[in-house]
Amino acid sequence: MRFEYRRLIGLQGAMVMLGTITTYFFVTPQAARSVAYGSCIALIGTLFLAWRLKQGESKESSNAEWHLRQAYRTAIERFVWVAVMLAIGFGILKLAPVWVLAGFVTGQAAWLLVPVWTRWKTGLNKIENTK
Amino acid sequence: MELATPLLYIAGALMMGLGALGASVGIGILGGRFLEGAARQPELIPMLRTQFFVVMGLVDAVPMIAVGLAMYVLFAVAK
């Protein structure tokens with residue numbers, strides 16, 4: 001698995017645990033369950049994407065069309081996964097919607113944080129190299 | 001008051017639909033660029049592919065949050 005994905009999955013896993021523990025101690029155990037559920041939806045989506053990436057790496061086909069087709073399929077599958085799991089959480093499991101959503105947004109925020117983090121680290125390395 | 005529930009459903013549908021539209025346009029542009037890059041330098045396909053997947057996840061993140069908000073509106077607020 002590539003470095004970016006390992007970093008992303010690590011960050012998301014940390015966010016899941018931190019969010020769940022914080023909510024457990026500062027809000028209610030029911031809210032913590034909802035936050036864990038929401039974060040796990042985001043985390044499993046990322047793991048799914050990483051698994052697809054690894055699948056393509058092992059093939060190492062030079063056919064760009066095949067890679068593109070697989071990527072589009074993965075995007076659709078992830079979208080359906082999220083919609084179905086959120087519907088199950090809200091509709092069947094009757095979890096607290098605000099907390100499920102908070103957990104999900106926290107998990108997805110890792111996607112937005114990783115490029116910023118990478119750029120920041122690259123910037124720091126450049127500064128160190130110029131010294 | 002009677003109009004509120006249908007308006008909430010419309011709001012949820014708009015959030016989901018526009019989110020999906022944004023994601024599809026973004027990923028479409030990304031795919032086009034990936035193909036261009038792959039056609040120019042086929043030896044870079046593995047690297048381009050990783051970057052493609054990372055940026056695709058990034059592009060997908062915001063519409064997915066919109067889907068979550070839409071689900072919240074549809075299941076929690078509209079009831």
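A:Gln70 touches A:Arg52, A:Gln55, A:Gly56 and B:Arg49, leaving out residues up to four places away in sequence. This residue of a predicted model lies in helix H3 of chain A, and it is buried, with a relative accessible area of 9%.

**Chain A as a whole**

- The secondary structure of chain A comes to 4 helices and 0 strands.
- Read from the N terminus, the elements of chain A follow the order α-α-α-α.
- Chain A has 131 residues, of which 41% count as buried.
- Among the contacts in chain A with a separation of 6 or more, 77% are between residues 24 or more positions apart.

**The nonpolar cores**

- The largest nonpolar core has 26 residues, and those that touch the most other members are A:Tyr5, A:Leu49, A:Trp111, B:Phe52, B:Phe53 and B:Met56.
- Two or more residues of this core come from each of helix H1 (3-26), helix H2 (29-59), helix H3 (64-92) and helix H4 (97-130) of chain A, and from each of helix H1 (4-40) and helix H2 (45-77) of chain B.
- The largest share of this core is that of H2(B), with 6 residues.
- Another core, of 14 residues, lies apart from the largest one, and its members include A:Val82, A:Leu86, A:Phe90 and A:Phe104.
- In soluble globular proteins, nonpolar side chains tend to be buried together.

**Two residues and their contacts across the chains**

- Which residues does A:Tyr5 contact, leaving aside its neighbours within four places in sequence? In chain A they are A:Thr46, A:Leu49, A:Ala50, A:Leu53 and A:Trp111, and in chain B they are B:Phe53 and B:Val54.
- A:Thr74 has its place in helix H3 of chain A.
- Is A:Thr74 buried or exposed? A:Thr74 counts as buried because its relative accessibility is 0%, and the cut-off for buried is under 20%.
- Not counting residues up to four places away in sequence, A:Thr74 touches A:Phe48, A:Leu49, A:Arg52 and B:Phe53.

**Helix H1 of chain B**

- H1(B) has 37 residues and reaches 54 Å from its first C-alpha to its last, close to the 54 Å expected at 1.5 Å a residue.
- The buried residues of H1(B) are B:Gly12, B:Gly19, B:Ala23, B:Ile27, B:Leu30, B:Gly31, B:Phe34 and B:Ala38.
- An α-helix has 3.6 residues a turn, so residues three or four places apart point the same way.
- The cover over the buried residues of H1(B) includes H3 of chain A together with H2 of chain B.
- B:Leu35 is also found in helix H1 of chain B, but B:Leu35 counts as partly exposed, at 35% relative accessibility.
- Leaving out residues up to four places away in sequence, B:Leu35 touches A:Ala64, A:Glu65 and A:Leu68.
- From B:Leu35 to B:Ile45 there are 10 residues in sequence and 9.2 Å in space, C-alpha to C-alpha.

**The largest pocket**

- The volume of the largest pocket is about 170 Å³.
- Its lining consists of A:Tyr72, A:Ala75, A:Ile76, A:Phe79, A:Val80, B:Ala20, B:Ala23, B:Ser24, B:Ile27 and B:Asp60.
- H3 of chain A and H1 of chain B are the elements that give two or more residues to this lining.
- H3(A) gives the most to the lining, with 5 residues.
- How many nonpolar, polar and charged residues does the lining of the largest pocket have? By class, there are 8 nonpolar, 1 polar and 1 charged residues.

- A:Leu18 lies in helix H1 of chain A.
- With a relative accessible area of 60%, A:Leu18 is exposed, since the cut-off for exposed is over 50%.
- A:Leu18 is 50 residues from A:Leu68 in sequence, and the two are 35 Å apart in space, C-alpha to C-alpha.
- A:Lys94 lies in the loop between H3 and H4 of chain A, and it is exposed, with a relative accessible area of 53%.
- A:Lys94 has a positive phi of about 55°, although it is not a glycine.

How values were computed. Residues are numbered from 1 along each chain as its sequence is written. Chains are lettered from A and ligands numbered from 1 in the order in which they are written. This is a predicted model: local features need pLDDT of at least 70, side-chain atom pairs count only at pLDDT 80 or more; totals for chains, interfaces and linings use all residues. Side-chain values use heavy atoms; hydrogens and water are left out. A nonpolar core is a set of buried Ala, Val, Leu, Ile, Met, Phe, Trp, Tyr and Cys residues joined through side-chain atoms within 4.5 Å. Buried means under 20% relative accessible area, exposed over 50%, partly exposed in between (1.4 Å probe, protein chains only). Contact means heavy atoms within 4.5 Å. On a 1 Å grid over the protein atoms alone, a cavity is a set of points where a 1.4 Å probe fits but cannot get out, and a pocket is an open set with protein on both sides within 12 Å along at least five of seven lines; lining residues have an atom within 4 Å of a point. Grid points are joined across faces, edges and corners, and a volume is the space filled by probe spheres set on the points. Ala, Val, Leu, Ile, Met, Phe, Trp, Tyr, Cys and Pro count as nonpolar, Asp, Glu, Lys and Arg as charged, and the others, Gly among them, as polar. The expected span of a helix is 1.5 Å times one less than its number of residues.
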